[in-house]
Amino acid sequence: PPRSTLFPYTTLFRSPTEIFRAAARTIIATLDPTDGRTLGAALYEHGARRYLLAIGHHMALDVLSMEVLRRSLVQYLRNRQATPEVHGVATRALQMQALVETGRFPTAEDHAFWAAVCAAPQGLLVGVAPRDDDPSPTRGRDSFVTEIRGYRPEQTNSVLCDMLAALAAGLYRLGQREAISVALESHGRDERLPGMDLSGAMGWFTAICPLPLVPSRSCAEARRQLFPWLRDHFNPADCNAYVYLRDREPERFERPTQITFNYLGKHDSWKDSGVASLMTTAGPGMIPELLDPANEPDSPVEITVFLDGEGTMQVGIYYNPRRLSEHWVRALFDAWHAAIRTLPGFMPDEQRNALYAACGAESREIERIVLPDPSHEPILYQSLLPGRKVYTQQIDLFLRGPIRSEEHTSELQSLRHL
């Protein structure tokens with residue numbers, strides 16, 4: 001059964017970040033899922049504040065499980081009531097296996113779609129060197145972390161689509177012309193099993209699927225191809241179907257990927273609830289020694305992206321130095337970043353401040369800024385009319401029954417002058 005350990009951690013450090021990282025190193029060294037130790041916690045003080053830091057093994061906590069744990073902890077601290085898990089990952093696994101054994105999952109449609117995806121031609125990254133058995137460099141993984149400011153997620157209908165479109169445009173800038181296969185990680189819970197409530201379930205639900213990514217001259221061009229694919233096929237159900245097919249027929253469905261892309265969504269800040277998932281503090285890229293230097297990424301490049309509580313995009317890039325140079329990986333990031341800056345959802349602080357000034361408003365007076373959609377068209381039309389003192393709206397009236405022209409004309413004239 002899962003076990004947890006509580007460490008009293010009162011050593012003084014200069015900042016909470018130092019405490020978080022030191023506690024993370026201590027806790028992670030004790031975790032061993034083969035022995036049931038999947039969660040550890042440390043209680044410590046810094047100044048007048050007390051912190052409880054909980055760290056779980058990835059086998060027990062995927063990114064959505066972290067949010068389940070955070071919500072449950074907030075509810076318990078406020079109401080002293082625990083949130084029970086209705087159905088768990090083990091129950092789901094047994095019932096899914098029953099569907100597989102009876103041939104009901106994956107479906108014939110799943111089989112046909114993913115077979116076509118895996119049979120499509122693909123190229124290598126232009127920067128990838130032939131695989132070399134020479135052990136130098138001895139490490140199998142290098143990484144760097146950075147952040148991107150100015151991207152406004154509220155101005156798009158899909159952050160993931162924007163990021164992948166910018167990646168396609170960035171690759172094109174680097175000379176990539178052949179389509180490549182990108183591994184996408186899905187962290188949601190599917191609804192394959194009627195009546196099974198997994199909304200409060202913790203565990204490893206992550207699934208993966210290959211996305212064909214075509215280098216494009218612009219983000220807009222890439223987005224036209226990506227959005228319908230992601231909308232129709234990047235979901236927990238389809239991704240799980242692919243994983244089952246790959247495990248059953250690896251010779252047909254095993255798809256070598258050039259890039260792994262993992263979008264982890266947005267994570268709350270402390271001020272929202274007092275409980276936060278500290279992705280920016282204790283993520284593996286932030287504590288380099290937590291990464292096994294001999295471990296090689298599944299793809300030559302892995303990109304992890306999430307939005308922190310302030311809306312800043314945090315980026316971790318992991319790569320295999322035996323196959324890619326640091327110079328090329330950083331050039332890829334620069335090209336990707338340059339493409340992100342061309343997205344409609346990108347608005348740097350100086351541009352946003354200029355917009356505030358033009359509106360004669362302060363930032364605290366503006367709740368959010370969004371791009372226009374079709375429902376705003378009449379308002380935009382009115383703004384172009386001369387003498388914009390009167391707002392008018394064109395409407396269609398549908399009348400049922402006999403028409404009395406003179407009476408209706410008179411009534412409409414009166415209505416117009418209200």
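This report describes a helix packing and several aromatic contacts in a predicted model.

## Packing of H4 against H7

Helix H4, spanning residues 108-119, packs with helix H7, residues 236-248, at an angle of about 75 degrees, and their axes are 10 Å apart. Because angles of 65 to 115 degrees count as roughly perpendicular, H4 is roughly perpendicular to H7. On the H4 side the contact is made by Asp 110, His 111, Trp 114 and Cys 118, and on the H7 side by Asp 238, Ala 241, Tyr 242, Leu 245 and Arg 248. Sorted by class, this contact of H4 with H7 has 5 nonpolar, 3 charged and 1 polar residues.

## Aromatic pairs

The whole structure holds 8 aromatic pairs. One of them joins Phe 105 and Tyr 244 in an edge-to-face arrangement, with 5.1 Å centre to centre and 80 degrees between the planes. Phe 105 lies in the loop between helix H3 (89-101) and H4, whereas Tyr 244 belongs to helix H7, so the pair ties together parts that are 139 residues apart in sequence. Phe 105 is buried, at 1% relative accessible area, while Tyr 244 is partly exposed, at 21%.

The rings of Phe 113 and Trp 114 also form an edge-to-face pair, their centres being 4.8 Å apart and their planes at 75 degrees. Here Trp 114 is buried, with a relative accessible area of 0%, and Phe 113 is partly exposed, with 22%. Phe 113 and Trp 114 belong to one aromatic cluster together with Trp 229 and Tyr 242.

## Charges over rings

The charged end of Arg 177 sits over the ring of Tyr 172, 3.7 Å from the ring centre. Arg 330 lies over the face of Phe 144, at 4.1 Å from the centre of that ring.

Conventions:
Residues numbered from 1 in each chain as written. Predicted model: local features only at pLDDT ≥ 70, side-chain atom pairs only at ≥ 80, totals over all residues. Heavy atoms only, no water. Axes fitted to C-alpha atoms, helices over the stretch in contact; angles between N-to-C directions. Helix = DSSP H or I, 4+ residues; strand = E, 2+ residues; numbered from the N terminus. Parallel < 35°, antiparallel > 145°, perpendicular 65-115°, else oblique. Contact = heavy atoms within 4.5 Å. Nonpolar A, V, L, I, M, F, W, Y, C, P; charged D, E, K, R; others polar. Phe/Tyr/Trp six-rings, centres within 6.5 Å; stacked < 30°, edge-to-face > 60°. Buried < 20%, exposed > 50% of the residue type's maximum accessible area, 1.4 Å probe, protein only. Lys NZ or Arg CZ within 6 Å of the ring centre and 35° of its normal.
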